[in-house]
Amino acid sequence: MSDLESRLSGGDEESPLLSIRNLSVDYVGRSAVRAVDDLSLDIRRGEIFGLLGESGSGKSTAILAALRLLPPPAVIVSGQVMFEGVDLLTLDEGALRRLRFRRIAVVLQSAMNALSPVLSIGEQITDVILAHEAASRGDAWARAGELLELVGIEAVRLRSYPHELSGGMRQRVGLAVALALRPALVVLDEPTTALDVVVERQILQRLAELSHARGFSILLVSHDVSSMLEFCDRLGVLYAGRVCEVAPRADLESGARHPYTRGLLDSLLSRHQAGTRLVGIPGAPPDIARPPSGCRFHPRCAFRVDLCEHTIPPLFAPAAGRALACHRPLQLVPPDVDASVPPRRTP
Amino acid sequence: MSEVPKALLEVRQLTKTFSVRSLSGQQAVTAADRVSFDLRGGEVVALVGQSGSGKSTILRVLAGLEAPSEGEVHLHGKPVLGRGLRPTLAFRRSVQIVLQDPFASLNPVHTVAHHLERPLLRHRLVSDRRALALRQAELLASVGLEPTADFLLKKPHELSGGQRQRVAIARALAVTPEIILADEPTSMLDVSVRVGILNLLADLKLSRGLSYLYVTHDLASARYLSDRLLVLCAGRVVESGPTESVIQEPAHPYTRQLLAASGLH
Amino acid sequence: MMLLRGIWDSRQARLGLALLALFAAVAALGPFLTRDPAAFLADPLLPPSAEFWLGTTRQGQDAFAQLIVGTRSSLGIGLLVGVLVMSIGSLVGLTAAYFGGLVDDVLSLIVGVFLILPGLPLAVLLAAFLEAGPLTIAAVLVLTGWAWNARVVRAQALALRRRDYVLAAIALGEHPLRIMLLEMLPNMTSIVFSSFIAATMHAIGAQVGLEFLGLGDVSQVTWGTNLFWAVTNQDILTESWWTILPTGLAIALFGFALAQVNYGVDEVTSPRLKVDRAYTALVGQRTGLRRLLTPVVLARSDADRERTSA
């Protein structure tokens with residue numbers, strides 16, 4: 001394993017659970033748009049990993065592509081996705097289907113709308129169990145009850161229909177279905193919406209508790225920085241289809257090293273001191289059909305130099321479990337540099 | 001302060017019920033339940049609560065988009081909304097709205113110029129084409145969209161989410177309102193763009209003496225922008241007061257839950 | 001305008017438009033270039049020849065001239081009905097959706113009544129009682145056809161009614177009529193256009209049908225009356241196909257042309273229907289309904305990558 005390799009995975013005794021290398025995804029059309037560019041990431045066993053990004057960052061695209069769930073016109077053009085020793089990109093449909101839900105469970109954003117309205121939730125959970133395992137219906141039903149209890153719903157609701165449950169409860173049912181076959185990895189795409197912030201936070205809390213108790217890994221894909229910071233062990237930040245920074249939560253809080261991450265954290269309203277004025281990051285995320293040259297963040301970066309305009313910064317590992325792609329990363333001490341000076345006002 | 005200034009907007013016992021047909025028969029849903037509060041000049045009042053708490057309903061009633069079932073609203077001491085009262089054009093000049101979804105707040109078939117032209121023409125605020133063009137450029141500049149000539153010709157799909165919200169704000173400003181009702185104006189925007197919009201709103205408030213009713217589920221942004229806070233749960237105001245004190249010492253358990261969910265502990 | 005460009009993108013729509021242009025040219029110029037269709041010119045029931053391209057009728061009239069001249073009336077009435085049905089239906093649908101409440105209830109009731117009325121029998125009845133002629137037929141078809149259009153427009157308009165930009169327009173104090181016609185309607189062009197096409201197709205078919213039954217003015221030359229006379233003269237028995245078949249084909253071809261243009265409209269409203277040629281070329285399979293695995297197409301070099309950007 002190269003130095004970068006071992007550092008990306010944290011240099012642990014175990015190899016990572018999910019290991020993505022050089023993944024690139026295009027949307028094919030009149031001209032190809034590169035939505036994800038040369039992405040490399042590791043998810044370790046038992047960790048809660050948050051993939052953070054704004055619009056156009058490619059975070060959902062990357063993960064769905066890694067799991068081969070992206071609809072046309074998406075095409076994977078390079079890379080490797082190693083899961084428990086197997087490259088997911090080389091599997092056929094049958095092998096992949098056996099893997100899905102058994103080892104990797106995915107809860108999509110619209111999971112609560114994915115429940116069939118004509119079956120009770122108990123039937124739907126047992127269907128999932130029986131589709132993958134040889135068990136009796138009675139046993140499956142009992143397990144379904146346990147799963148509901150696990151996510152905080154009384155087992156008696158097994159007989160309820162989806163329309164009799166609130167949105168928050170349906171989301172929990174989606175989670176229960178995901179956990180039904182005891183996967184090693186649970187992927188959640190945009191778990192928090194503005195609908196029911198209180199309940200969603202409770203769900204994430206419960207999920208974190210379960211993860212620590214049972215040892216499965218969680219991959220959260222979201223744009224909600226504050227909840228990710230609350231629940232994740234490590235975070236990866238994407239911008240315009242490329243990785244900017246990967247670091248443990250504590251490191252990011254004490255001092256993110258990529259200017260974008262720093263700007264993002266500084267934009268958090270929940271962290272600002274009362275009475276001060278936040279600056280945010282001037283400009284807006286770029287159109288991925290026409291990305292900036294060199295480092296994609298450079299037009300909005302207060303610290304850029306000429307190099308940033310021409311050359312894409314390579315991904316390197318400053319320490320175990322960390323990754324950084326920046327020509328001039330910020331120092332570890334909190335900056336005295338006035339990051340609030342915007343280079344150029346781009347609307 | 002020797003005299004408490006009379007409130008600009010007085011909301012008294014505002015109630016809105018809907019009848020909902022469900023599988024179990026007809027039901028009356030109370031979206032807003034006897035809500036009362038004041039909004040003073042130059043002040044920002046935040047209405048916070050989750051989805052379903054009734055905050056958006058209240059905003060829509062105050063914008064004259066729905067009629068209240070009970071209760072009255074007074075502007076400058078005169079009744080403007082309530083039983084038997086329909087919003088007048090003058091009311092529409094005083095009270096404007098900015099809505100949540102940047103992808104839906106602008107009509108996809110019309111240019112930015114059209115969006116800014118309509119309020120100016122409808123309320124007869126300009127005398128000729130030249131005045132119109134000047135005013136349009138002025139509005140775009142005041143929301144930070146420059147060069148204004150470029151932006152006037154663009155259609156919504158050519159703008160980013162943040163830019164669209166800026167146009168929506170410019171549209172609301174066109175009639176020189178006294179009050180702007182903002183329904184989660186930043187919740188659908190990227191995190192790094194939100195602060196820019198909130199700062200813009202704060203600046204405009206100061207430069208134009210506006211008052212805002214700011215509706216949100218995110219207490220952190222409410223704290224950033226507002227002077228006073230009303231916490232809504234199931235259509236009822238469960239707590240209210242100056243923003244900082246409500247956040248430092250929440251009295252109601254629901255408020256505490258919201259605080260935690262917004263990342264403020 | 002996006003709609004027009006979108007329609008142009010579709011190969012099928014271009015074919016349809018070309019055919020429609022042909023029909024329009026025939027309708028406009030044809031009558032000047034052919035002989036008088038009502039004149040008794042030659043022996044009856046002559047098969048097609050160099051002199052009479054579609055032969056002659058039982059009365060010795062030029063069948064080709066009858067076809068060409070008939071185009072003007074049939075298409076004209078068909079389009080007129082289509083436009084009127086679309087206009088009345090859209091106005092009613094928009095009004096019902098915009099105002100909601102009592103207005104919606106009343107209008108929907110009226111629409112419902114008209115929908116229940118059996119179209120063809122009523123059309124036959126009215127045409128039989130009123131003064132025969134194409135305009136009567138047009139009136140009858142509009143009366144029996146507008147309701148369906150209204151319902152379709154109302155459904156779509158209801159969806160738009162809650163959009164934020166409509167609410168913003170109301171909050172600005174815009175007049176309801178302006179909002180309906182200038183804010184909502186422009187966002188509904190696809191469905192309005194689609195139902196216009198459907199209404200026109202239906203109108204032409206119904207018009208021909210009524211005239212075929214003898215309810216039109218049989219002294220006028222239209223596609224329908226051509227067929228009426230052909231049947232009355234028992235041309236089938238004499239195997240004089242040239243008086244019947246061409247007219248039938250013309251009707252079918254026009255319907256076909258409209259249907260092709262409709263495909264173009266459908267593709268604008270649902271871009272997924274567009275077969276993405278670049279994707280198919282790259283992956284070797286169509287973007288069908290069946291969900292496949294995201295394909296892995298490894299671009300070995302930059303040259304490959306250029307190739308993938310079709």
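**The largest cavity**

A: The largest cavity holds about 110 Å³ of space. Bear in mind that this is a predicted model, where local features need pLDDT of at least 70, side-chain atom pairs count only at pLDDT 80 or more, and totals for chains, interfaces and linings use all residues. Residues are numbered from 1 along each chain as its sequence is written, chains are lettered from A and ligands numbered from 1 in the order written, and side-chain values use heavy atoms, with hydrogens and water left out.

A cavity here is a set of points, on a 1 Å grid over the protein atoms alone, where a 1.4 Å probe fits but cannot get out. Points are joined across faces, edges and corners, and the volume is the space filled by probe spheres set on them. By this rule there are 8 cavities of 30 Å³ or more.

Lining the largest cavity are A:Val107, A:Leu108, A:Gln109, A:Gln171, A:Leu175, A:Leu188, A:Asp189, A:Glu190, A:Pro191, A:Glu200, A:Ile203 and A:Leu204, where a lining residue has an atom within 4 Å of a point.

In chain A, helix 6 (167–179), strand 7 (185–189) and helix 7 (197–214) each give at least two residues to that lining. Helix 7 of chain A gives the most, with 3 residues. Helices (H or I, at least four residues) and strands (E, at least two) are DSSP runs, numbered from the N terminus.

Note on methods
1 Å grid on protein atoms, 1.4 Å probe; cavity = no way out; pocket = protein on both sides within 12 Å on 5 of 7 lines; lining within 4 Å.
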